[in-house]
Amino acid sequence: MEKRVIIVPCNSYQNEEIKKSTYNMFNTLGGLNNFIKPGQKVLLKVNLLMKKAPEAAVTTHPSLVEAVVNQIQAIGAKVIIADSPGGPFTKNWLKGIYRETGMEAVANKTGAQLNWNFQQQDFPFPEGKILKQITLAQYVKEVDVVISIAKLKTHGFTIYTGAVKNLFGTVPGLLKADYHLRMSDIKDFSNMLVDIAEYVKPQITIMDAVMAMEGAGPSSGDKKHVGLLAASTNPHALDLAFCHHIGLSPSQVFTLRQAIDRGLVPNDFQELDIQGMERDNLKPIPFKVPASSRSGHIPIPLPAAIDRFFYNILRPSPNFIHEKCVGCGLCARNCPAKCIEMIEQRPYADLSRCIRCFCCQELCPYHAVEIKRGRLSRLLFR
Ligand code: SF4
Ligand code: SF4
C-alpha cells in the first residue's frame, strides 16, 4: 500500500508560482520521467464538471493543467486532456465546456490534444466489489499513462469530492445517471467509485487545492483559499490527507471507509508518509461541509426496518428555488430517477421517488437547487 503523499505550498494560479510548485511536487515524487517515457500518450483526466470559468473554483484550473502539460511534453510525450462532465457526452456539449473552463486555451497554447472521442466500451473487472464489468469512455484505454487532476471540493451526496470521485468522470455522460440509479445507496455508490478508481488506476493523482470549494459543493459552494498542491500514486492516500485537512473523518466519507476496509489506505492520517511540507501544516482548517453530512441514521442500534423508516424521514431533500431558476430543464433531463417534472418552466420533484443523489444541485448552473434538512433532522444532527 502506497502511503506517500507529496504536498507543496502554492498560493496562487500565477504562472510562475504554479510552474515552480508543480516542478517541486513532481521532483519530490521522484521525477515525472519515472512514470512517463518519450513517445508515450498521457491522459490528463481533469475535473470539468460544468461550463464554468476557472475563477468559480468548480473545475481544475487551466494554469495547473498547462504547467503539467509543459512538464510532460518536456519528456517528449503526448498529452490528451479529457473528462466526461455532467450532461450528454457529445461534441457540442464538450465544446462549450472546453472553452469556458480554459482547456481550449491550454490546448491552443501547448499543442496538447482535447478529447473528441465519444465512444464508450465495456471492460470486464472480475476483481470489482460491486462492478464486475465497467462501462467507461474509450479515451481511458487509448493511452499509456493516466494522470488524474482532481479539485478539492465538498459534495452533497458523497460529502467530499477529490481524487477517487474525479474518476467517475471516466463514465460517459448520461450513463452516470444509470450508475446513480443502480447504486443509489451511498455505500454501494462509494464502493462503485472505489471499483472505478481501482480499475482506472491512475499512475499519478494530483490535487488542485489552491482554491477549493466548501459548503454546497461541488458547484454551488463558496470558494476557499487553501493554497496547496499535492500528488500521490495512491488516490485514496491523497483523499485521506485532504479529508483530514478539511476536518472530515473517514467515518463521514464512504469512499474512504470502503478503501480502508479493502486495505487500500491506512485508517489514520498519522500513518501517511507526508513529504514536501511539515505534517503540522496539514492540521484541520475551518471548512464548511454540506448540509447532508449532518443527517442520516440515528446513532443507536435499531432494527433495520425502523432504522430505514427514520432514515427516510431524516435524510435531506433537494429544494428548488424557483426565483433563481431560469427553466433550462437541465436538472429534469439529468435526474437519474426521472422524478423532476417541469411545470411552466419550473422544476418540481416527486420526493417519494427521489434517490437523493443531488445531481440536480450539482448540475444546476444557476445555484437554484439547495439541499434542505427537515426540522427533526436539524434537531437531531446539529
Ligand atoms: S433548477 Fe437549475 S437546472 Fe433546473 S431548470 Fe432551474 S435553472 Fe435549470
Ligand atoms: S430530484 Fe435531484 S436528488 Fe432527487 S433523484 Fe432527481 S436529481 Fe437526484
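Predicted model: local features only at pLDDT ≥ 70, side-chain atom pairs only at ≥ 80, totals over all residues.

Reader: What is the phi of A57 near?
Author: Phi of A57 is near 60 degrees, which is a positive value in a residue other than glycine.

Reader: Where is a cis peptide bond, then?
Author: A cis peptide bond joins G217 and P218, with omega at about 10 degrees. P218 belongs to the loop between β9 (204-214) and β10 (222-232).

Reader: Back to α2. At what angle do α2 and α4 pack?
Author: Helix α2 (residues 62-73) packs with helix α4 (residues 103-110) at an angle of about 30 degrees, and their axes are 9 Å apart. Angles under 35 degrees count as roughly parallel, so α2 and α4 are roughly parallel to each other.

Reader: Is the crossing of α2 and α4 left-handed or right-handed?
Author: The crossing of these two helices, α2 and α4, is right-handed.

Reader: And which residues make the contact?
Author: From α2 they are P62, V65, E66, V69, N70 and Q73; from α4 they are M103, A105, V106, K109 and T110. By class, the residues of this contact of α2 with α4 are 6 nonpolar, 3 polar and 2 charged.

Reader: Changing topic: what does the domain assignment give?
Author: The assignment for the chain gives domain 1 (4-282) and domain 2 (295-380). Taken over C-alpha atoms, the centres of domain 1 and domain 2 are separated by 26 Å.

Reader: How many residues of each domain are in contact?
Author: In domain 1, 14 residues are in contact with 15 residues of domain 2. On the side of domain 1 that touches domain 2, the residues divide into 6 nonpolar, 7 polar and 1 charged.

Reader: Now the ligands. Which residues come nearest to ligand 1?
Author: There are 13 residues around ligand 1, and C325, C328, C331, C364 and A368 come nearest. The shell of ligand 1 divides into 11 nonpolar, 2 polar and no charged residues.

Reader: And which come nearest to ligand 2?
Author: Of the 14 residues around ligand 2, the nearest are C335, A337, C354, C357 and C360. By class, the shell around ligand 2 has 13 nonpolar residues, no polar ones and 1 charged.

Key: Residues numbered from 1 in each chain as written. Chains lettered and ligands numbered in written order. Axes fitted to C-alpha atoms, helices over the stretch in contact; angles between N-to-C directions. Helix = DSSP H or I, 4+ residues; strand = E, 2+ residues; numbered from the N terminus. Parallel < 35°, antiparallel > 145°, perpendicular 65-115°, else oblique. Left-handed = near helix turned anticlockwise from the far one by under 90°. Contact = placed C-beta atoms within 7 Å. Nonpolar A, V, L, I, M, F, W, Y, C, P; charged D, E, K, R; others polar. Near = placed C-beta within 6 Å. Domains from an automatic or database assignment.
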